[in-house]
Amino acid sequence: MQLSLLAMMDGSTGFTTEPCVNWVSDLRLQKIGGHYRAIRRFKTWQGDVSWKANDAFGIGEEDVPMEARWRDWCDVAARVLDMELLGLDLLVNAEGREYVLECNSSSIGFPERHRTEDVGHIVELLNGKIANAAKRLTTERIKRELLKQSVSLVSGRKTTAVVEELRALFIHRKQVGEWNTKILLPKSNLAASAQVKSALVLLVAQCFRQQHAPTAADGHMVAAIVHAALADIAASHSQDAFLLENTLQLTASELKLVQ
Amino acid sequence: MEGRPVRLLVICSNRENYFARFRDRKDVVVDQAPWLDVAGVVSFSDSLVVHLGPQREPFAGTPQTGARSFSPDLVLLRSFVLGAPGHDWRTLMAGFFHANVECVNSLDSFAFSVEKEKLWGLMRKCRDEDPTFPLIADTYYSGSRVASFVESGFPIVVKVGSASQGVGKSQIKDERAWKDTVRMERLFCSHF
């Protein structure tokens with residue numbers, strides 16, 4: 001006991017107490033994404049030393065079926081503690097009463113016999129995350145490219161001049177659908193024209209940010225461009241078109257142009 | 001348009017091999033190291049760099065054989081951030097927080113996992129949301145000065161240390177042993 005107490009020397013933390021449970025089962029309930037497992041530890045002899053369930057001596061271990069209530073407790077812990085991978089520790093006394101002692105995070109250890117399978121469950125969980133990360137990376141890359149295009153469109157010109165030119169163009173033509181491929185883009189390829197339109201939306205957005213709060217007329221103009229671009233994109237089914245749509249929606253919602 | 005592969009960093013000892021798990025994948029690049037081999041973390045305004053030292057017993061044919069830097073998009077934490085004395089990697093973890101890099105488990109869960117009492121508060125929330133959640137009756141004392149009243153009957157268990165891998169727990173069988181323990185704590189705790 002004194003040895004354990006020496007650990008209190010640090011003094012920078014408080015301490016906790018809990019009733020000492022005279023346990024017959026020590027349960028580890030494990031959840032990895034959608035996979036559950038229950039492991040029970042028990043005393044193999046009734047010596048006084050084994051009041052600690054995590055002692056290595058005099059303790060046996062077996063796999064037991066996952067009870068519905070255990071699964072519910074894992075799920076509520078996963079949600080409240082924001083853990084996709086967890087190990088709940090429970091003690092059970094001779095009367096069958098259960099006590100949750102702690103909840104361990106993704107660093108939980110696996111018994112040797114389950115390690116290969118359980119690491120497989122972690123990889124499954126990671127695969128979903130990897131797919132999301134890949135999508136995020138692509139969106140970011142397209143955004144960067146669009147921004148670069150926008151910059152090249154304004155480079156060497158006064159932004160006010162560009163905005164005025166665009167405004168004149170739209171006001172003159174009334175129909176927003178026409179300006180894109182004919183005037184600003186030599187190719188009429190659908191995805192490419194959508195890209196240039198997106199670039200223009202970003203460009204106009206940048207100009208507005210630099211200059212002033214957009215007026216209602218400015219808002220309508222950009223909203224019209226956004227809608228036209230979205231219509232074009234909707235007609236195309238490529239993945240890039242889908243991501244561009246996301247980018248456009250983001251830009252538009254940032255500027256509060258699309259209700 | 002083909003993007004670059006997703007970079008996955010696994011903080012884990014070599015008892016698990018994540019290189020092997022992703023060997024045939026073109027869409028993922030993996031690096032794996034225990035906290036001990038993480039030399040440092042730098043989080044710039046828009047990128048995260050983790051400097052890794054060579055592993056003492058590396059997996060053959062992997063980057064573990066040498067020192068390297070890795071810029072992860074995703075981090076899997078398979079090791080304690082704060083455990084027994086000497087196992088405190090909070091300054092490294094702080095870099096992941098600063099970068100807001102995606103982690104498994106979540107960054108939030110690690111924020112309170114290193115503070116047992118915060119974790120406990122959320123366990124109470126579990127009990128509030130699901131009344132069948134059988135949380136043990138745990139008491140917190142900020143120090144020995146306030147440790148006079150024992151909520152439940154003896155015997156009790158006193159626990160000191162972090163949420164994972166506590167640094168010590170003792171069974172206290174009666175009032176006299178409790179007083180001894182509390183005095184012992186007062187003796188050793190310099191700030192009381």
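Guide: Buried means under 20% relative accessible area, exposed over 50%, partly exposed in between (1.4 Å probe, protein chains only). This is a predicted model: local features need pLDDT of at least 70, side-chain atom pairs pLDDT 80 or more, and totals for chains, interfaces and linings use all residues. Residues are numbered from 1 along each chain, chains are lettered from A and ligands numbered from 1, as written, and side-chain values use heavy atoms, without hydrogens or water.

Visitor: Is Cys103(B) buried or exposed?

Guide: The sulfur of Cys103(B) has its closest cysteine sulfur in Cys12(B), 14 Å away, which is too far for a bond. The relative accessibility of Cys103(B) is 5%, so this residue counts as buried.

Visitor: How many disulfides does the structure hold over all chains?

Guide: A disulfide is counted for cysteine sulfur atoms within 2.5 Å. At 14 Å from the closest cysteine sulfur, that of Cys103(B) is too far for a bond. Over all chains, the number of disulfides is zero.

Visitor: What share of the residues of chain A counts as buried?

Guide: Chain A is built from eight helices and six strands, taken as DSSP runs (helices H or I, at least four residues; strands E, at least two) numbered from the N terminus. One of its buried residues is Cys20(A), with a relative accessible area of 19%. Of the 259 residues of chain A, the buried share is 50%.

Visitor: In what order do the five strands of the open sheet in chain A stand?

Guide: Strand 4 (59-64) and strand 6 (98-104) of chain A are at the edges; each has a single partner strand, so one side of each lacks a neighbour in the sheet. Pairing, which requires at least two DSSP bridges, is antiparallel here. The order is 4-3-2-5-6.

Visitor: At about what angle does helix 2 of chain A run to strand 5 of chain A?

Guide: Helix 2 (residues 68-80) of chain A lies across strands 2, 3, 4, 5 (85-93) and 6 of chain A. Angles, from 0 to 180 degrees, are taken between N-to-C directions of axes fitted to C-alpha atoms, for helices over the stretch in contact. For helix 2 and strand 5 of chain A, the angle is about 135°.

Visitor: How far apart are the axes of helix 2 of chain A and helix 4 of chain B?

Guide: Contact means heavy atoms within 4.5 Å. Val76(A), Ala77(A), Arg79(A) and Val80(A) in helix 2 of chain A meet Leu122(B), Lys125(B), Cys126(B) and Glu129(B) in helix 4 of chain B. Helix 2 of chain A packs at about 125° against helix 4 (residues 116-129) of chain B, and the axes are separated by 9 Å.

Visitor: In strand 9 of chain B, which residue is the bridge partner of Glu18(A)?

Guide: Strand 1 (residues 15-19) of chain A pairs with strand 9 of chain B in the antiparallel sense over four bridges. In strand 9 (residues 156-160) of chain B, five of five residues are buried, with Ile156(B), Val158(B) and Val160(B) on one side and Val157(B) and Lys159(B) on the other. The bridge partner of Glu18(A) is Val157(B).

Visitor: What is the relative accessible area of Asp82(A)?

Guide: Asp82(A) sits in the loop between helix 2 and strand 5 of chain A. Beyond four places in sequence, Asp82(A) touches Ala77(A), Asn105(B), Ser106(B), Asp108(B) and Ser109(B). Asp82(A) is partly exposed, its relative accessible area being 38%.
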